[in-house]
Amino acid sequence: GPGPVQHAIDAGNSQELWMKIILGVFALTLYANTFGHGFAFDDLVVVQGNKFTQQGVAGIPKILTTFYWAGHWDYNNGLYRPLSLIGFALQWQFFKNVPGWYHLVSVLLYVITILLLFSTLRRLLSNYSPIAAFVASLIFAAHPTHTEVVANIKSQDELLCFIFALLTVQLILRNIDRPSLEKVFFSCACFFLALLAKEGALVFLGAIPLMLYFFRHLELKAIVRKMVPLVVVSVLWFALHQWVINGNSPPPHAYNLDDNSLVGAKTFFEREATAFYMMGRYLLLLIFPHPLSYDYSYNEIPIISFANAKAIVPFLICAALAFIAVRELKKKSFVSFGILFFFITISMTSNLIMLIGATMADRFLYVPSLGFCIILTCFWIRFLDVPGG
């Protein structure tokens with residue numbers, strides 16, 4: 001009869017519930033030490049010294065129509081991230097100038113991220129045991145490079161961006177199982193919110209097709225069709241972004257040495273060599289996350305050329321990783337997925353493609369580190385012979 005089957009499903013559900021409880025408590029406990037911390041660095045710009053944030057709810061219209069730093073100073077560096085600022089305005093409405101509460105919000109956002117990551121991976125890796133999603137989420141929750149994102153209040157932009165990107169992925173996966181216009185609409189809304197949190201959400205235009213190729217049996221045409229609504233949303237977001245940045249604002253600044261030490265590179269090749277040196281540091285931080293730093297700006301990263309082993313070795317390592325990823329592409333292996341996910345999601349902040357407003361930062365490893373966590377999970381499944389399917 002139906003008895004045993006029902007029981008098996010219940011057992012699975014209770015097992016997953018326990019996994020969620022463990023993940024949530026683990027993430028909370030890991031960063032509970034931040035509750036006693038104060039405001040630091042850019043927290044002063046987005047919370048403590050921000051005139052729009054400090055109007056609470058009344059400041060929201062200004063936040064929505066001005067560039068990122070406008071509530072503090074007139075340095076228009078081409079950023080538009082209203083979502084976290086709206087969050088800070090709401091937090092100010094309740095908590096005023098007490099940093100502990102903002103830290104609590106950051107940690108709770110991290111807990112939500114870990115739980116969402118687990119349920120997203122669970123859906124993505126539906127052919128595998130739930131343990132795979134659990135282990136990957138656990139490694140992600142524990143990875144020390146996330147310290148800056150969770151412990152620095154300003155980085156709620158990073159937390160919100162990933163939360164809404166994960167919701168977008170979940171809705172797209174659900175829509176593949178049971179198509180409905182409603183799911184398409186909500187996935188678009190979530191992606192728009194991810195973009196309003198941080199421009200970096202654009203990397204998911206590459207990461208989502210990657211997920212669909214590896215973990216869903218879809219033709220290329222079908223994958224492209226699934227992505228069309230998100231591309232439309234990105235175009236609308238970009239139009240809004242440009243209107244705010246170039247509309248009623250002081251003219252955008254070009255980046256200077258204080259923003260990004262790569263501005264000091266004399267040639268394109270020097271810039272690329274130095275960017276590859278930083279890629280090497282990023283890869284090393286994934287494997288051996290010590291020492292961590294809140295700032296790798298001026299003088300921390302020397303400008304070097306391709307005559308330097310510090311550029312050549314990371315370049316060769318990246319080339320080898322790319323080779324492995326492409327070779328394993330047909331097999332749709334976890335390793336290939338992890339490598340490609342890392343490269344796609346770090347592309348915008350790597351300084352390899354375009355110069356950004358920072359040299360290097362631990363926070364830029366936040367989403368890309370998921371690729372590394374998935375590769376570790378793959379080795380864990382292989383070597384311990386954990387049942388995959």
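Ala, Val, Leu, Ile, Met, Phe, Trp, Tyr, Cys and Pro count as nonpolar, Asp, Glu, Lys and Arg as charged, and the others, Gly among them, as polar. The model is predicted, with local features requiring pLDDT of at least 70 and side-chain atom pairs pLDDT 80 or more, while totals for chains, interfaces and linings use all residues. Residues are numbered from 1 along each chain, and side-chain values use heavy atoms, without hydrogens and water.

**View 1. Lining of the largest cavity.** The lining comprises nine nonpolar, one polar and no charged residues. Its members are Leu117, Thr120, Leu121, Leu124, Leu166, Val169, Met211, Phe337, Leu370 and Ile374. Two or more of these residues come from each of helix H5 (99-124), helix H8 (156-177) and H15; H5 supplies the largest share, four residues. The volume of this cavity is about 50 Å³.

**View 2. Lining of the second largest cavity.** This cavity holds about 40 Å³ of space. Asn50, Phe52, Thr53, Ile63, Thr66, Phe67, Tyr68, Ala70, Gly71 and Leu85 form the lining, in which six residues are nonpolar, four polar and none charged.

**View 3. Crossing of helices H6 and H15.** The axes of H6 (residues 130-142) and H15 (residues 369-384) come within 9 Å and cross at roughly 135 degrees. H6 is therefore oblique to H15, and the crossing is right-handed. In contact (heavy atoms within 4.5 Å) are Ile131, Ala132, Val135, Ala136, Ile139 and Phe140 of H6 with Ser369, Leu370, Cys373, Leu376, Thr377, Trp380 and Ile381 of H15. Eleven of the contact residues are nonpolar, two polar and none charged.

**Terms.** A cavity is a set of points on a 1 Å grid over the protein atoms alone where a 1.4 Å probe fits but cannot get out, and lining residues have an atom within 4 Å of a point. Angles under 35 degrees count as roughly parallel, over 145 as roughly antiparallel, 65 to 115 as roughly perpendicular and the rest as oblique.

Notes:
Axes fitted to C-alpha atoms, helices over the stretch in contact; angles between N-to-C directions. Left-handed = near helix turned anticlockwise from the far one by under 90°. 1 Å grid on protein atoms, 1.4 Å probe; cavity = no way out; pocket = protein on both sides within 12 Å on 5 of 7 lines; lining within 4 Å. Points joined across faces, edges and corners; volume = space filled by probe spheres on them.
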